[in-house]
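Have the viewer open as you read.

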Amino acid sequence: MQLAQQQCVHNDEARSPLDNEKRQQLMSEQLSNWQFDDKTGAIYRKFKFKNYYHTMAFVNAVAWIANKQAHHPDLEVSYGHCLVRYTTHDAGNSVCMNDLICAAHIDALDNNGTFGPNFLDD
Ligand SMILES: C[C@H](O)[C@H](O)[C@H]1CNC2=NC(N)=NC(=O)C2=N1
């Protein structure tokens with residue numbers, strides 16, 4: 001099943017770190033705009049917007065997903081960008097399925113152009 005169709009699960013299996021091969025495979029197939037940071041072990045994507053209003057609309061949509069999934073990203077927010085990073089804290093800050101699932105849900109916000117013309121692709 002596609003990552004965006006899955007929901008976060010909060011059990012020991014969901015909190016087990018993905019091995020590098022599996023993570024790379026899922027990311028190259030379904031999260032091509034996300035990157036893996038070797039230094040921090042997090043996945044991340046930087047979203048750019050034309051102004052603070054649109055940045056904050058995006059941040060609120062991300063917060064809604066985080067609360068619904070009970071899985072929360074680290075966010076760096078400025079006037080025109082939001083850097084979203086995911087690791088699973090309960091798994092020693094490694095990347096688990098829940099991280100990939102939430103990343104896919106964020107990407108899905110833009111499926112029908114929800115970000116609109118105020119979303120600037122990298
Ligand atoms: C009980 C609850 O599911 C856990 O504390 C959740 C909350 N949100 C979380 N968010 C992230 N990013 N990692 C976690 O391990 C985590 N754990």
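Call a residue buried if 20 or more other C-beta atoms lie within 10 Å of its own, exposed if 12 or fewer, and partly exposed in between, with C-beta atoms placed from the backbone. Helices (H or I, at least four residues) and strands (E, at least two) are DSSP runs, numbered from the N terminus. This is a predicted model: local features need pLDDT of at least 70, side-chain atom pairs count only at pLDDT 80 or more, and totals for chains, interfaces and linings use all residues. Residues are numbered from 1 along each chain as its sequence is written.

Start with H3. Here 9 of the 12 residues are buried, so the helix is largely enclosed by the rest of the structure. The buried ones are Met97, Asn98, Asp99, Leu100, Ile101, Cys102, Ala103, His105 and Ile106. They pack against helix H1 (20-30), S2, H2 and S4, where contact means C-beta atoms, placed from the backbone, within 7 Å.

Of its 21 residues, Ile43, Cys102, Ala103 and Ile106 touch the most other members. Strand S2 (42-49), helix H2 (52-69), strand S4 (81-86) and helix H3 (97-108) each give two or more residues, and H3 supplies the largest share, 6 residues. Leaving aside neighbours within four places in sequence, Cys102 is in contact with Cys8, Ile65, Gln69, His71, Pro73 and Tyr86.

And the ligand? Around it sit His10, Ala70, His71, His72, Thr88, His89 and Asp90, each with its C-beta atom, placed from the backbone, within 6 Å of it.

Conventions
A nonpolar core is a set of buried Ala, Val, Leu, Ile, Met, Phe, Trp, Tyr and Cys residues joined through C-beta atoms within 7 Å. Two residues are in contact if their C-beta atoms, placed from the backbone, lie within 7 Å.
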